[in-house]
Amino acid sequence: MSSYSATRNNSNLFILFVTITAIFVFASASSSATGTRPRPFNKIYAFGDSFTDTGNTKSISGPSGFGHVSNSPYGSTFFHHSTNRYSDGRLVIDFVAETLSLPYLPPYRNLKGNNASSGVNFAVAGSTAINHAFFVENNLTLDRTPESIKTQLLWFRSFLESRRYCKGPASEDCRAAFDDALVWVGEIGANDYAYSVGSTVPSDTIRELAITSFAEFLQSLLKMGAKYVVVQGLPLTGCLPLAMSLAPEDDRDDIGCVKSVNNQSNTHNAVLQAKLQGLRTQFPQAVIAFTDYWNAYRTVMKNPTKFGFTEKFKACCGTGTGPYNFDVFRTCGTPSATVCKSPSQYINWDGVHLTEAMYKVVSNMFLNGTLTHPPFSYLLDRKNSVG
């Protein structure tokens with residue numbers, strides 16, 4: 001081969017290399033610019049209580065003190081009508097869906113056609129971690145909230161079987177359902193303690209039974225094939241107007257909330273995290289993340305103005321009376337209740353649940369901050385790299 005031919009061939013190879021590289025870079029840039037990169041998760045399965053419920057209950061079936069969620073002004077801030085969410089707008093789970101570029105999750109009890117392709121929400125207001133039978137046996141229920149986390153597991157199992165995700169009705173192998181799914185378990189257990197207030201059942205017993213039942217629920221999901229699970233801890237339940245209005249005034253902590261109730265939630269979270277660590281050892285192929293709701297809430301309570309809040313304790317929607325604008329017999333949504341002019345300046349919505357503004361703040365701490373362990377970014381990276 002002549003020197004000229006070799007040079008020419010090398011030149012042609014160089015041009016071909018540059019052309020291929022340019023095409024690759026252009027294609028990558030175009031993909032990024034048009035947002036066509038694959039999402040880490042294509043669906044979410046959610047569980048929990050009223051803090052996560054996107055419509056599985058209505059006022060007729062909700063807890064006695066939390067009713068009228070079907071009425072205005074519920075949903076008024078974002079949806080502009082009631083969606084049977086226990087807030088003025090979006091919940092943590094809604095911000096999770098937005099972050100993953102997914103539609104808001106439909107409630108299991110109101111599935112229509114194929115709207116379950118991006119996931120389903122099984123959370124239901126008033127739900128407990130302990131089975132309902134325990135509360136009936138101990139005369140701790142109004143018999144209006146029979147659903148527990150085990151009920152939600154049964155609903156989930158029925159859903160998977162109806163979509164033929166499981167290998168058979170009795171099979172634990174439902175891995176096909178979890179290939180591109182995030183399992184988000186909202187806070188659960190607060191109702192267990194609330195229903196036992198004033199009874200002879202010790203809180204230690206409630207905690208032990210609740211966490212044992214919850215761990216069995218998670219274990220069932222992991223055996224079925226769940227690979228990416230986020231578990232929310234209990235929030236500062238002692239800062240809710242319901243707790244503030246019931247507790248004696250000398251039962252307060254350094255941020256002005258009910259000390260005994262907040263300590264109860266903190267202890268619950270510590271035991272729960274130890275249980276999660278055991279499940280991580282048992283299921284090393286799964287990522288189990290814990291969101292520190294207690295410290296997220298506390299961070300806001302210690303410096304509310306930093307996050308745009310001017311009212312820490314009063315409910316935005318309530319009776320307009322008392323120090324907390326809350327009356328358990330005249331809750332938000334009833335004819336005698338009124339709503340504040342600026343819900344975004346309030347942490348609490350109706351005495352028991354939070355405003356959309358507060359849910360947005362804590363969601364950001366979970367999804368973009370340091371209060372998820374391991375961080376939510378690690379979970380996304382792991383999904384993208386391992387699948």
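The model is predicted: local features need pLDDT of at least 70, side-chain atom pairs count only at pLDDT 80 or more, and totals for chains, interfaces and linings use all residues. Residues are numbered from 1 along each chain as its sequence is written, and side-chain values use heavy atoms, with hydrogens and water left out.

**The chain**

The secondary structure comes to 11 helices and 10 strands; helices (H or I, at least four residues) and strands (E, at least two) are DSSP runs, numbered from the N terminus. Of the 387 residues, 52% are buried, where buried means under 20% relative accessible area (1.4 Å probe, protein chains only). Contact means heavy atoms within 4.5 Å. Among contacts between residues at least 6 apart in sequence, 71% join residues at least 24 apart.

**The sheet**

Strands of a sheet pair through backbone hydrogen bonds, either parallel or antiparallel. Here, two strands pair if DSSP finds at least two bridges between them. An open sheet of 6 strands has mixed pairing and the order E2-E1-E3-E4-E5-E10. Strand E2 (119-121) and strand E10 (372-373) stand at the edges with a single partner strand each, so one side of each is left without a neighbour in the sheet.

Strand E4 (residues 228-232) pairs with strand E3 (residues 181-185) and also with E5. The table lists both pairings.

| Strands | Sense | Bridges | A bridge pair |
|---|---|---|---|
| E3 and E4 | parallel | 3 bridges | Val185 and Val231 |
| E4 and E5 | parallel | 5 bridges | Tyr228 and Val287 |

In E4, 5 of its 5 residues are buried. Tyr228, Val230 and Gln232 lie on one side of E4, Val229 and Val231 on the other, and both faces are covered. Helix H11 (residues 376-386) lies across E3, E4, strand E5 (287-291) and E10, and runs at about 170° to E4; axes are lines fitted to C-alpha atoms, for helices over the stretch in contact, and angles run from 0 to 180 degrees between N-to-C directions.

**The cores**

A nonpolar core is a set of buried Ala, Val, Leu, Ile, Met, Phe, Trp, Tyr and Cys residues joined through side-chain atoms within 4.5 Å. The largest has 52 residues, of which Leu182, Trp184 and Leu379 touch the most other members. Helix H10 (residues 356-367) gives the largest share of this core, 7 residues. A second, separate core of 49 residues includes Ile149, Leu153, Phe178 and Leu279.

How values were computed
Buried means under 20% relative accessible area, exposed over 50%, partly exposed in between (1.4 Å probe, protein chains only).
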